[in-house]
Amino acid sequence: PADPGTTNTPSEPGNTATPEDPSNTDKPSGPEPEETEKPEKKTMKLSGIKAKTGTKKVTGTVSVKKAVVKVKVGNKDYKKAKVNGKKFTFTASSKLKKGTKITIKVTKTGYKAVTKTTKVK
């Protein structure tokens, strides 16, 4: 009976030490990918949005060139806006009415998507 007891006692600390080493290795490697992901995705700003009653145009400025800008007027689907440099222009099919909800979504690879909602003034 003494032999099995002696065999179990050294193997238990040995088994406990073995899992600790991989877990210690996993813990530092876990946060590293998170840290590398954060600098990859940059932020953009959407500003100067103009949408007046009685006009068909929605204009604004994006802080990044060559971004994809999509505009949603009311309950209709998103449609691409024309982007020239950092400025974008969207022409609606009909005149804008006061209080209509306009949602603008800006996307570009390597950047976080930006969505902004305004109402026609």
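Start by selecting lysine 66, which counts as exposed because its relative accessibility is 74% (buried means under 20% relative accessible area, exposed over 50% and partly exposed in between, with a 1.4 Å probe and protein chains only). This is a predicted model, in which local features need pLDDT of at least 70 and side-chain atom pairs count only at pLDDT 80 or more, while totals for chains, interfaces and linings use all residues. Residues are numbered from 1 along each chain as its sequence is written, and side-chain values use heavy atoms, with hydrogens and water left out.

Lysine 66 is placed in the loop between strand 2 (57-62) and strand 3 (68-73). Its phi is near 60°, a positive value in a residue other than glycine. Most residues other than glycine have a negative phi.

Now colour by secondary structure. The protein has two helices and eight strands, and from the N terminus on the order is α-α-β-β-β-β-β-β-β-β. Helices (H or I, at least four residues) and strands (E, at least two) are DSSP runs, numbered from the N terminus. Buried residues make up 19% of the 121 residues in the protein.

Next, select strand 7 (residues 101-107), where threonine 103 is found. Threonine 103 counts as buried because its relative accessibility is 10%. Beyond its neighbours within four places in sequence, threonine 103 is in contact (heavy atoms within 4.5 Å) with Lys70, Val71, Lys72, Tyr78, Thr115, Lys116 and Thr117.

Move along to lysine 105, also in strand 7. Lysine 105 counts as partly exposed, because its relative accessibility is 31%. Show tyrosine 78 as well: the charged end of lysine 105 sits over the tyrosine 78 ring, 4.7 Å from its centre. For that label, NZ of Lys or CZ of Arg must be within 6 Å of the ring centre and within 35 degrees of the ring normal. Leaving out residues up to four places away in sequence, lysine 105 touches Val68, Val69, Lys70, Tyr78, Val114 and Thr115.

Is valine 106 buried or exposed? At 1% relative accessibility, it counts as buried. Its contacts, apart from neighbours within four places in sequence, are Met44, Leu46, Val62, Ala67, Val68, Val69, Ala113 and Val114.

Then select phenylalanine 90 in strand 6 (residues 87-91). With 7% relative accessibility, phenylalanine 90 counts as buried. Among the residues it touches, not counting those up to four places away in sequence, are Lys56, Val58, Val71, Val73 and Lys80. The C-alpha atoms of phenylalanine 90 and lysine 80, ten residues apart along the chain, are separated by 7.5 Å.

Finish at the largest pocket, with a volume of about 240 Å³. Of the 14 residues lining the largest pocket, Val73, Lys76, Ala92, Ser93 and Ser94 are closest to its centre. On a 1 Å grid over the protein atoms alone, a pocket is an open set of points where a 1.4 Å probe fits, with protein on both sides within 12 Å along at least five of seven lines; lining residues have an atom within 4 Å of a point. Grid points are joined across faces, edges and corners, and the volume is the space filled by probe spheres set on the points.
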